[in-house]
Amino acid sequence: MTLAPETTDLKVQLQLADGWFTVCDLNALLPGRGVAALLPDGRQVALFRDRAGTLYAIDNRDPFCGAAVLSRGLTGSHQGRPFVASPLLKQRFDLQSGQCLDDESVRVATYEVRAA
Amino acid sequence: MTATGANPTIVLVGHGMVGQRFLEALAERGLTATHRVVVLCEEPRPAYDRVALTSYFSGKTPEDLSMTDMEFIKDHGIELYVGDPAETIDREAKKVTARSGLVVDYDVLVLATGSYPFVPPVPNKDAEGCFVYRTIEDLLAIEEYAKAKATTGAVVGGGLLGLEAAGALKGLGLTSHIVEFAPRLMPVQVDEGGGAALLRTIEDMGLSVHTGVGTQEIITDESGAVTGMKLSDGSELATDMVVFSAGVRPRDQLARDCGLTVGERGGISVDEQCRTVSDPHVFAIGECALAADGRVYGLVAPGYEQAQTAAATIAADEAAFTGADLSTKLKLLGVDVASFGDAHGTTDDCLDVVYSDSRAGLYKKLVIGRDGTLLGGILVGDAEAYGTLRAFTGSVPPVAPEALVLPAGAGAPTQLGPSALPDDAIVCSCHNVSKGTIRGAVTDHQCTTVPEVKKCTKAGTGCGSCVKVLGQLVTAELEAGGVEVDKGLCGCFSQTREELYEIVLALRINTYQDLLDRYGRDGARGGDGCEICKPTVGSIIASLAPTIGASGYVLEGEQAALQDSNDHFLANLQKNGSYSVVPRIPGGEITPEGLIVIGEIARDFGLYTKITGGQRIDMFGARVEQLPLIWARLVDAGFESGHAYGKALRTVKSCVGQTWCRYGVQDSVRMAIDLELRYRGLRSPHKLKSAVSGCQRECAEAQSKDFGVIATANGWNLYVGGNGGATPRHADLLGKDLSDAELIRLIDRFLMFYIRTADRLERTSVWLDRIPGGLDHVRDVVVEDSLGICEELESLMAAHVSNYRDEWAETINDPEKLSRFVSFVNAPDTPDPVVGFIPERDQIKPDLPLLSIGMRPAEDVLEGSAQR
Ligand code: SRM
Ligand SMILES: Cc1cc2nc3c(=O)[nH]c(=O)nc-3n(C[C@H](O)[C@H](O)[C@H](O)COP(=O)(O)OP(=O)(O)OC[C@H]3O[C@@H](n4cnc5c(N)ncnc54)[C@H](O)[C@@H]3O)c2cc1C
Ligand code: SF4
Ligand code: FES
């Protein structure tokens, strides 16, 4: 596995158990579109940036189908709350809490994320 | 009083529109259970929709026109003798004898023999090439003769039917003339002013109108075929065929022969119960009857009312037919013409309010009583208000009459909505349904859509002219009941997709954010939108890109963020996170080399291959980072994106056609390729599919496509609005015998009009059934150019065609875009470990168990929920 973070100004970093983990350049994140990142332990994270520049990170796996694709969903905001819709069966997930908005018994993990 | 067996017998003579309605009324009253019902039908087919007869020329088949459900006939034990007319009636013995020799005893006899077309007694009126316009057989004969022997046709009679007939001749490709004895067209329905507006519009369509002249003689050649006609002003008109449409006369011969009383000018005299005045056992209904008010009604609505009256009387219920409204709304050759109530202002002391603009072909007149009561009116050129005005007839409308006829924009126009109508106003006059009944359907019967209300009340199922008002009433009623009828696209926009399209086009708005911030709902402005409006607006921007100054490349700038997930990767996401790849194979035609390239690529990348239902090849199981590599090779071999991922043109299927097939009459493969190349990449509200068949055998299944083309000996027939899928729909004929150029022009217009007005994810089939006016309206717009937008539609399409670029070729040449095709932003070379495959039938398939093995412990993520 090659983990190859590039070096430019601002970096996107995730809070993991052992500190901040650098993922990529901030400008690799297109507002309204996600990317996936691979963590050292094999987990996958979906990262998003909204129009205002706020960053979000949730688990990349779609809990309904199992495929690791949430980063490829379309994002949006509803009553000020940001969400992503799974590209498979279109369930929405709140980007701040990871809560599935179509099925209250389902939630995906969230990560603390910053640009530094 | 039983004649035979246990049950009394009702014999119906004539199975036309009114006859059929009578049978339904019998069934509704339970009379078919207690009576033997025998029907003698003269025509070779059971009852059909004569009112819609002319739609045969726009593609309706005789089967489409049928009004007779054979299940209904069977279920009610009705004995229907098709092609067997009644010949004599013996009222003494109460027997009817049919042509076949069948003799039926009756207890009740109902005559519904309709009318026959009146042919003026001019010399040679029966010559070869002379026709009338009343039955399906008449139309078949006209069509055959027009195609084989005629280039010019003349219609005698400029009334309602004459104009329909002239329109049909024109539709058959003939130069058409209308000869009318009266000084204006449609003398019965419209007045002088209305006639002038109508004349102008009809002449503009290329029909020649000769008013104020009579037909004196039909001129024939030695073989006895028509070559022209001599007119009363001494002139001659060269024509290859003549259609007489000079009025109808009641078919009352049978009644005369058995001594029933008939009126001076024909028609079987009946009382208010529709019982003949001479014999209590005999009834007469429909166009053959002379009603108690002294009139013979030539319209279907009064006939229906008579049918119900007769059935009620037979059931010993109280009912009476005392007269009917002669309101009509027609779309003649694409021109709206309506008249209602006292259209000619015959009431004492009445006043007219007239608005007339003969340049625009508009004429509107209202007849108002002394006390302000609306008595009637005439509308030519724009009959939008007909439904509402007709329902207000007989009352004082709540706004000044002139406000009702002024065009929008002039003065202070008042849109008098149907909500202002009183409950007892008749909204559907075909089925005599009041506004109150329609409201009841919504409030008491829980109908929430127009189709449901139609089914529940029968309103709108006759001539269809009331459907618009019906829709408005249903919406108003739902809203009044607190059901919020929000027609907005989504939580971010209160506009429909069509409205957003108009805004984008008119204001040249070329970014989503701009549109959202300026036109979004209050809470949505400045936000991030949602997964519904982003792709929808993305698609609108892509359809209009060259015109509004946006990039035609869907991954450019902001547009990339709007695309549905599939469009974003220019491939179709599969259940395990892998993608499928579908190169375009125009018309399904592919060279051996092309097949080999696809085969090699699939082999080298280990992809699963399958021939699709759309005549092309799908390769499944590509990982996201493989897409650019696969496409680099495909592009290199000359392949382009097949847009299997987009709401865009998919495939144009073809059959092998004239080149190889012994039946083919045109080169269907070439046309399919041309069409596919022309419309490739066109973004639309939903996917678009097409097909071209080389002959009527239809091996390409064109009639199940959004636009389907079938070759004819003379060119191409264009069908639109077809659909496979869960709710299949047969396409409707939009144009006949078109040349290549005409075909393409018509498809250009049709597609652009669809893209402009359809809702999100609305296939052409659903759109055609939804939009007010349906196919007729679309035909008016794209064939007759009634909105004057065809030039714009064509130029929008031309812009699309000339700006098309293959988006995969563009993508593989752009390193910045390519950097997105990775599983992980921080590990571009690492494939997604969840995407795995196992073998099946010598190929791969997704390893589904791998998807759930990869699941992380429940307590970690899925708080308190079962793992799924
Ligand atoms: C691949 C293919 C099946 C096959 O193995 O043959 C297919 C596959 C899919 N079809 Fe289809 N359809 C395929 C031919 C058809 C056909 C046959 C045809 O086109 O002649 C039909 C019926 C014709 C029609 O559309 O009217 C068809 C009617 C549908 C429908 C129902 C549409 C409707 O209006 O009711 C859907 C659902 C939708 O679009 O909402 C659908 C949706 C889909 C989707 C997109 C479902 C999805 O969201 O994953 C599938 C994606 C394929 C992929 O990932 O590549 N597919 N689908 C065919 C691809 C044809 C092609 O070359 O592009
Ligand atoms: C082209 C066209 C357009 C029209 N447009 C409109 C319109 O827009 N609005 C409108 O309201 N009306 C319209 N009409 C008129 C409408 O079609 C008639 O009012 C309606 O069909 C009358 O119904 P009916 O049952 O009385 O007669 P018909 O429908 O004519 O049925 C009578 C039937 O009786 C049969 N018959 C006759 N004699 C015998 C016998 N001895 N034994 C057995 N059967 C017999 C005939 O063959 C015929 O099938 C139109 C008519 C035509 C031709
Ligand atoms: S549609 Fe006609 S031309 Fe085409 S393959 Fe079938 S039979 Fe032959
Ligand atoms: S008025 Fe003809 S269908 Fe309603």
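**Chain A and its partner, chain B**

Student: How many residues of chain A are in contact with chain B?
Tutor: In this predicted model, 47 residues of chain A are in contact with 46 residues of chain B, where contact means heavy atoms within 4.5 Å.

Student: And what area is buried between them?
Tutor: About 3,800 Å², with carbon and sulfur atoms giving 51% of that. Buried area is the accessible area (1.4 Å probe) that two parts lose on being put together, summed over both.

Student: Which residues of chain A lose the most area to chain B?
Tutor: Arg51(A), Arg72(A) and Leu74(A), and together they make up 21% of what that side buries.

Student: What does Arg51(A) form a salt bridge with?
Tutor: Its partner is Asp517(B), and the closest N and O atoms are 2.3 Å apart. A salt bridge is a side-chain nitrogen of Lys or Arg within 4 Å of a carboxyl oxygen of Asp or Glu. Between chain A and chain B the count is 2 salt bridges.

Student: New topic: how many helices and strands does chain A have?
Tutor: Chain A has 0 helices and 10 strands. Both are DSSP runs numbered from the N terminus: helices are H or I with at least four residues, strands are E with at least two.

Student: Where do the numbers and letters come from?
Tutor: Residues are numbered from 1 along each chain as its sequence is written, while chains are lettered from A and ligands numbered from 1 in the order in which they are written. Local features need pLDDT of at least 70, side-chain atom pairs count only at pLDDT 80 or more, and totals for chains, interfaces and linings use all residues; side-chain values use heavy atoms, leaving out hydrogens and water.
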